[in-house]
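Thanks for coming, everyone. I would like to walk you through a few local features of one structure, so please bring it up on your screens before we start.

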Amino acid sequence: MTISKTLSIELLRGMKRIRLVEEGIAERYPQGKMRCPMHLSIGQEAAAIGVGLALKHSDLAVSTHRAHAHYLSKGGNLKAMLAEIYGKATGCSSGRGGSMHLIDTKVGFMGSTAIVGNSMPVGVGLALSLQLRKSSAVSTVFCGDGSLEEGSFYESANFAAVRNLPVLFVCENNLYSVYSHLRVRQPKGRKIHKMVEAIGIPASLVDGNDPQAVYEAALAGLDHIRDGKGPFFLELTTYRWREHCGPNYDNDIGYRTEEEFQEWKRKDPIPLFEEKLLTEHVLDQVAIKRMDDEIQAEIRAAFDFAEISPFPDPARAFEGIFAEKAGSND
């Protein structure tokens, strides 16, 4: 597949935007104004943007506690996301959810959750609804390698396979479930994508630090699903730079080594892809500087918006908790 110059530029811009947003969050987090746990995906940007740009506006997506990149890649509003993290009424969840509970139905981002594996049955349920409505849209379930050890995954994957549902599972395999490496959580020699194939779902393994490869693989998986062939699974190898929860680095606490971290940092998708586009004359340094300046200006404006936005009215705290009655007989 030949990826256009325009798309290549959007892949780079998307990765830079996610990185700079999350670095901005990490820089400001110690101020104590973002009063919620924060799970950053710095280092994993290529996985999110490669899938996000392959999705259509009509497609749906659900995510995990590490959802910022997925939300932005699906077209979510940056100002609304940051306002949500600040607990403001202008947030995408009206200031009630914080970092781990983002939602924007206008762009098909149907929610993220703090419970590991909890969004999988929701995403599969969305796929069932699309199938029943004879929609051509696809439901996308972003997940991490740790969530594949939850029963909810096996139940969801089995149901999706049996019912031939239009669902794309996207597993960002960053090797760790909090502080536990994959090798202490899975039998020796087991490959995630091979395990999923055994369930009955076609799967592929992709370098999650290569945005073009991720985009191509996501598009192939989506074409498979849209052709009525049922679910598809992507395993994207990537790496989380910062601590599991929080803005800092944690290589000093013993669960991973500085050498491992530096090895993955050399695979940083952003400078590698930027250099590729420079070499191929897709962009020059002037265009990159302009891109960086535009992104930084957007981010500063979004943080300013979050800062000045009002907090939710406490009197409305119990609104939206229960659904309204559909009729007198309910």
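Predicted model: local features only at pLDDT ≥ 70, side-chain atom pairs only at ≥ 80, totals over all residues.

Let me turn now to helix α10, which spans residues 269-279, and whose buried residues are Pro269, Ile270, Phe273, Glu274, Leu277 and Leu278. In general, an α-helix has 3.6 residues a turn, so residues three or four places apart point the same way. And what do the buried residues of α10 pack against? Their partners are α1 (5-28), α2 (45-54), α8 (211-229) and α11 (285-308).

At the start of α10, Asp268 places a side-chain oxygen within 3.1 Å of the backbone nitrogen of Ile270, while after the helix comes His281, which has a positive phi, near 60°.

Finally, I would like to look at Asn174, which is found in the loop between β4 (167-173) and β5 (176-177). Is Asn174 buried or exposed? Its relative accessibility is 7%, and because the cut-off for buried is under 20%, Asn174 counts as buried. Its side chain makes a polar contact, at 2.9 Å, with the side chain of Gln44, and, leaving aside residues up to four places away in sequence, Asn174 touches Gln44, Asp145, Thr238, Tyr239 and Arg240.

Terms used
Residues numbered from 1 in each chain as written. Heavy atoms only, no water. Buried < 20%, exposed > 50% of the residue type's maximum accessible area, 1.4 Å probe, protein only. Helix = DSSP H or I, 4+ residues; strand = E, 2+ residues; numbered from the N terminus. Contact = heavy atoms within 4.5 Å. Polar contact = N/O pair within 3.5 Å; in protein donor to acceptor, adjacent residues only side chain to side chain.
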